Structure formats: structure tokens, C-alpha cells
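Grab a pencil and open the viewer. Here are a few exercises on reading a protein fold, each with a solution that you can follow step by step.

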Amino acid sequence: ELYDIGVDVASGSETGDWSVAEVMKRRTREQVAEWRGKIGTLDFAPPLYWLGGWYNTAQIAVEMDGLGLGTNDRLNELNYPMLYTWRKHGTVFPKLTSFSGWHTSYESKKKLVTRARHFIAHKDVVIRSPILHNELREFSIRQTDQREFYEGSGKNDDAVMAWMIALTIGLDEAMF
């Protein structure tokens with residue numbers, strides 16, 4: 001089996017957000033594991049390395065906004081062999097870049113949310129974790145005058161972000 005791991009990194013502060021890794025079976029879009037804890041950004045890389053190894057050297061995509069850069073760099077230093085390669089979208093065929101990790105922007109987050117909503121609506125994903133299930137229930141769209149923003153409504157959305165990244169990178173692989 002092929003697996004994909006989406007990762008949302010936090011600071012490791014006891015009062016801050018959670019660092020989360022969501023493991024998805026690519027063929028069935030089934031959530032098969034979840035890692036969630038308060039851990040430093042560089043300290044998060046070894047558990048991810050071993051988690052990826054346990055799941056058949058799963059492809060790992062670390063969200064690269066801010067703190068994730070350190071975790072992703074540490075995975076590179078550990079020579080993890082299956083880091084997700086960022087794709088440049090918006091062309092007829094997505095193009096591989098020389099960057100690893102998931103780069104969240106307004107546009108890429110819309111892509112994450114659109115795909116996730118589609119698969120949930122069509123009951124084409126399996127969610128096992130009550131943590132992820134509860135965060136998905138609280139995840140919402142906040143409208144401003146100029147844009148829509150997607151976020152947890154007053155609660156964490158760390159598992160949701162990691163899960164949407166895992167789902168999307170698995171789908172990206174089908175294009176190559």
C-alpha cells in the first residue's frame with residue numbers, strides 16, 4: 001500500500017497549537033493513523049521519520065508556513081526519502097519544483113478545502129479519529145469584504161489542515 005502523511009507544525013508550547021500528522025491510505029482515502037502532541041519543531045522530525053517508515057516509507061508533506069520549515073529541513077537532514085515535492089499548479093500539467101513540503105497560500109488552501117469538501121460530500125473518505133471529526137465539524141468559512149477564509153471556528157484546526165494536506169498530496173500523485 002501507498003500512504004501519505006500531511007503535517008501541521010506548531011511551536012511545542014504547552015499553551016499553543018498542536019503539532020499533528022495525519023496518515024492516509026492513498027488507494028482508499030482512509031485515515032489510518034494520527035499523531036498529535038506538543039513538541040518542538042526540530043524534535044517533531046524524528047517521530048515523523050519513524051511514522052513514515054512504519055507506513056511503507058509514506059510520502060510526507062510538511063506545511064511550510066513558518067514553523068514547518070524547521071521540521072522539513074530536519075527531515076531532509078535525516079535523509080527521509082519520500083518528502084512531497086511541491087507542484088506548480090495553474091498550467092495544463094502541474095510542474096514539479098525543486099522545493100519540498102506543502103506551501104499554504106490563499107489559493108492552495110482553497111484547493112485543499114475544495115477537494116476535502118468534495119470527498120466528504122461524496123462519502124469517499126474514511127475518518128477514524130474523533131479529534132479530526134470534531135475539528136472538521138468546527139471548520140468553517142469566514143467571509144470578509146474581499147475574501148473567504150477557512151479556519152477552525154474558535155478551536156483548533158491543526159488536524160484538519162494535516163488531513164487536507166495528506167488527502168491532496170495523494171491526489172497529486174495520481175497526476176504523475
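**Exercise 1. Find how helices H4 and H5 pack: what is the angle, and how far apart are the axes?**

Step 1: look at H4 (residues 130-138) and H5 (residues 158-174); they pack at an angle of about 100°, and their axes are 8 Å apart. Helices here are DSSP runs of H or I with at least four residues, strands are runs of E with at least two, and both are numbered from the N terminus. Axes are lines fitted to C-alpha atoms, for helices over the stretch in contact, and angles run from 0 to 180 degrees between N-to-C directions.

Step 2: list who touches whom. From H4, Ile131, Leu132, Glu135 and Leu136 meet Asp158, Ala159, Val160 and Trp163 of H5, where contact means heavy atoms within 4.5 Å.

Before going on, a word about the model: it is predicted, so local features need pLDDT of at least 70 and side-chain atom pairs count only at pLDDT 80 or more, while totals for chains, interfaces and linings use all residues. Residues are numbered from 1 along each chain as its sequence is written, and side-chain values use heavy atoms, with hydrogens and water left out.

**Exercise 2. Work out the open sheet: in what order do its four strands lie?**

Step 1: the order is E3-E2-E1-E4, and the pairing is mixed. Two strands pair if DSSP finds at least two bridges between them.

Step 2: find the edges. They are E3 (30-37) and E4 (59-62), each pairing on one side only.

Step 3: check each pairing. E2 (residues 19-25) and E3 run antiparallel, joined by seven bridges, and Lys25 has Glu30 in E3 as its bridge partner. E1 and E2 are antiparallel too, with six bridges; there, Val7 stands opposite Ala21 in E2. E1 and E4 pair in the parallel sense over four bridges, with Ile60 in E4 as the partner of Ile5.

**Exercise 3. Look at strand E1: how many of its residues are buried?**

Step 1: E1 covers residues 3-8, and six of its six residues are buried (buried means under 20% relative accessible area, exposed over 50%, partly exposed in between, with a 1.4 Å probe and protein chains only).

Step 2: sort the side chains. In a regular strand they alternate between the two faces of the sheet. Tyr3, Ile5 and Val7 lie on one side of E1, with Asp4, Gly6 and Asp8 on the other, and both faces are covered.

**Exercise 4. Zoom out: how many helices and strands does the chain have?**

Step 1: count five helices and eight strands.
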